[in-house]
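Colleague: I am new to this structure and would like to learn how to read it. Could you take me through it step by step?

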Amino acid sequence: MIRPAYLRLISAILLVASTCLAQTAAPTRPRITGISHVAYYVSDMPKAMVFWHDLLGLDISYDRKKPNSTDTSVAFLKVNDHQYVELLSDRPAQADPKNFMSHLCFLTDDVEQMRAYLASKGIAVPPRAGKTGTGDLVFSVKDPDGTQIEFSQPQLTSVEAQGAGKFLSPTRVSQRIYHAGFVVGNTQRALDFYGNILGFQEFWRGSGSPTQLSWINMRVPDGTDYVELMLYRTLPATFGSDNHVALEVPDL
């Protein structure tokens, strides 16, 4: 006959073992090192180029033309070897008409692990990562307010890797995307997503009003870039400059 003390010991060992197995099986979050690019829809690509290229001095490192046309449908304007502003002239019919921000992309060192990690947290993810036109591995999800968030893992054969050190105009106004801002309608859900799940760290919150919080800044967990959550109780009729990209300059 097995003594009760032995039964309790065996049960405790099995409990510890099953807990360890569960912890081992649960995917961990890979590194999120910074902002890859911010993408916007533009209504007039030539006029947008006058601003981004002619005025701000950002060179085009990659573009794609419309079918059977010389008109540009997508253009990547290079800030540094790892950061871009992406402009898109073809706005999908389902895109929110008040929002000109297409998506925000973060860099990660393991895109498939990130996909599995987010799935384990109940976030809707695609069945696998895909490859972009520039050759990087990428997948996208929606944040609690419907903002499209991409995660990209650069590849050695990608356009970015092959263009290292190129398309960097010495007269460009900025060499770094400092932060990206976007509208948030539910503050707590956004904090849960960016903070509790993605591991971003809040370092500042403020307001233009003495009675209402207006923004929260959260830094990526493994770098210095950050996002600026623009807070609203009721989403505005148009997002305007609340959805924005901030370029760091040496002399304001």
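Modeller: Gladly. Let us begin at the start of helix α3, where a side-chain oxygen of Asp 110 comes to within 3.4 Å of the backbone nitrogen of Glu 112. Such a polar contact is a pair of N or O atoms within 3.5 Å; within protein, one must be able to donate a hydrogen and the other to accept it, and residues adjacent in sequence count only if both atoms are side-chain atoms. Keep in mind that this is a predicted model, where local features need pLDDT of at least 70, side-chain atom pairs count only at pLDDT 80 or more, and totals for chains, interfaces and linings use all residues. Residues are numbered from 1 along each chain as its sequence is written, and side-chain values use heavy atoms, leaving out hydrogens and water.

Colleague: Which residues of helix α3 are buried?

Modeller: First the general idea: an α-helix has 3.6 residues a turn, so residues three or four places apart point the same way. Buried means under 20% relative accessible area, exposed over 50%, and partly exposed in between (1.4 Å probe, protein chains only). In α3 (residues 111-120), the buried ones are Val 111, Met 114, Arg 115, Tyr 117 and Leu 118. Seen down the axis of α3, they fall within an arc of 165°, so they line one face of the helix; the arc is taken from the directions from the helix axis to the C-beta atoms. Just after α3, Gly 122 has a positive phi of about 85°.

Colleague: What covers the buried residues of α3?

Modeller: The cover includes β1 (32-41), β5 (101-108), β7 (137-142), β8 (148-153) and α5. Helices (H or I, at least four residues) and strands (E, at least two) are DSSP runs, numbered from the N terminus.

Colleague: In what order do the strands of the open sheet lie?

Modeller: Two strands pair if DSSP finds at least two bridges between them. Here eight strands form an open sheet in the order β2-β3-β4-β1-β5-β8-β7-β6, with mixed pairing. β2 (59-65) and β6 (130-131) are at the edges, each with a single partner strand, so one side of each has no neighbour in the sheet. β6 and β7 run antiparallel, joined by two bridges, and Gly 130 is opposite Val 138 in β7.

Colleague: Is strand β4 mostly covered or mostly open?

Modeller: Mostly covered: six of the six residues of β4 (residues 83-88) are buried. Gln 83, Val 85 and Leu 87 lie on one side, with Tyr 84, Glu 86 and Leu 88 on the other. β4 pairs with β1 in the parallel sense over five bridges, and Tyr 41 is opposite Leu 88. β3 (residues 72-80) runs antiparallel to β4 with six bridges, and a hairpin through two residues joins β3 to β4.

Colleague: Which residues touch the most other members of the largest nonpolar core?

Modeller: A nonpolar core is a set of buried Ala, Val, Leu, Ile, Met, Phe, Trp, Tyr and Cys residues joined through side-chain atoms within 4.5 Å. Among the 47 residues of the largest one, Leu 104, Phe 106, Leu 118, Phe 151, Tyr 194 and Leu 229 touch the most other members. Helix α5 (residues 187-197) gives the largest share of this core, five residues. A second, separate core of eight residues includes Ala 39, Tyr 41, Val 74 and Tyr 84.

Notes. Contact = heavy atoms within 4.5 Å.
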